[in-house]
Amino acid sequence: MWYHKPAINEDLLQSLPNLKVVASSGVGIDHLDLKLLSSYGVKVANTPFIVSTDTADLGMALLLASSRRIVEGHEMAVSPDTEYFPADWLGVQVSGATLGIVGMGTIGLKVAERSKAFEMKILYHNRNQRKKEEESAVGAVYCKKIDDLLQQSDFVLLSVALTPQTHKLIGKRELELMKPTAILINISRGLVVDQDALVEALQNKVIKAAALDVTYPEPLPRDHPLLKLKNVIITPHIGSATKKTRWVMMEEMAESIEAGLAGLPVPREVL
């Protein structure tokens, strides 16, 4: 499966009685009905670890681009209408700022490692607190309540799996808890954020800006209000999109398929 295609539904499963394994690219499995697949005796594999480094890199790239208004700056610099660069055109300082990471799994931890190099203060909210040595390695402070993280952070980065518990985790209430100078960065799944509430928050300056690698749907309709806002950066779900990583993803998917067909333990099986 690539980009959630083909759709693995009951009709497809009934038409493929010899299907043994489904290999899905990436880490997210919210598009798969694991109980349905299991009922047909079909194993599922994904590629969870290889995507982490590139996705963390993109998270930092979005943080930097949004804070320093890189896209707006480029448009100004190349515009045929630009006659001078205004002296009061300012961004937000990253060094020393507070980064709140919602979801400190493999990707979130790698983002923390990168942000430490920028001398950022790191808060994180997770289902479970990480080991003390892991926290110490990146200087991260655990927030048991997400509200505490939202209220203190200059940047809020989302790196959680999409589950019923994280569906629209960030809505109107959560956005209003954030600082009016804060920037929201989403590298997880579009449905983790209530997009209507986000549009309203950006239009009314409830928060300063957003940088999104994910939306719903993807791509957005061309008349969607998010596409008209200058304080938004949107990239086309490219967290893992480097040549090296995509190649390894394909290799891992092929390994899982070969193992499944041979009746061997499936590498990276989703249980």
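1. How much accessible surface does the chain have, and what share of it belongs to carbon and sulfur atoms? The accessible surface comes to about 14,800 Å², and 56% of that belongs to carbon and sulfur atoms. Areas come from the Shrake-Rupley method with a 1.4 Å probe.

2. A note on the basis: this is a predicted model, in which local features need pLDDT of at least 70, side-chain atom pairs count only at pLDDT 80 or more, and totals for chains, interfaces and linings use all residues. Residues are numbered from 1 along each chain as its sequence is written, and side-chain values use heavy atoms, with hydrogens and water left out.

3. The chain holds ten helices and nine strands. These are DSSP runs (helices H or I, at least four residues; strands E, at least two), numbered from the N terminus.

4. Seven strands make an open sheet, ordered β5-β4-β3-β6-β7-β8-β9, with parallel pairing. Pairing requires at least two DSSP bridges between two strands. β5 (140-142) and β9 (232-234) stand at the edges; each has a single partner strand, so one side of each lacks a neighbour in the sheet.

5. β7 (residues 183-186) and β8 (residues 209-212) pair in the parallel sense over four bridges. I183 stands opposite A209 in β8.

6. Helix α3 (residues 52-67) packs on the sheet and touches β3 (98-102), β6 (155-158), β7, β8 and β9. Contact means heavy atoms within 4.5 Å.

7. Buried residues (under 20% relative accessible area, 1.4 Å probe, protein chains only) make up 45% of the 271 residues. The C-alpha trace spans about 65 × 50 × 35 Å along its principal axes.

Methods. Axes are lines fitted to C-alpha atoms, for helices over the stretch in contact, and angles run from 0 to 180 degrees between N-to-C directions. Buried means under 20% relative accessible area, exposed over 50%, partly exposed in between (1.4 Å probe, protein chains only).
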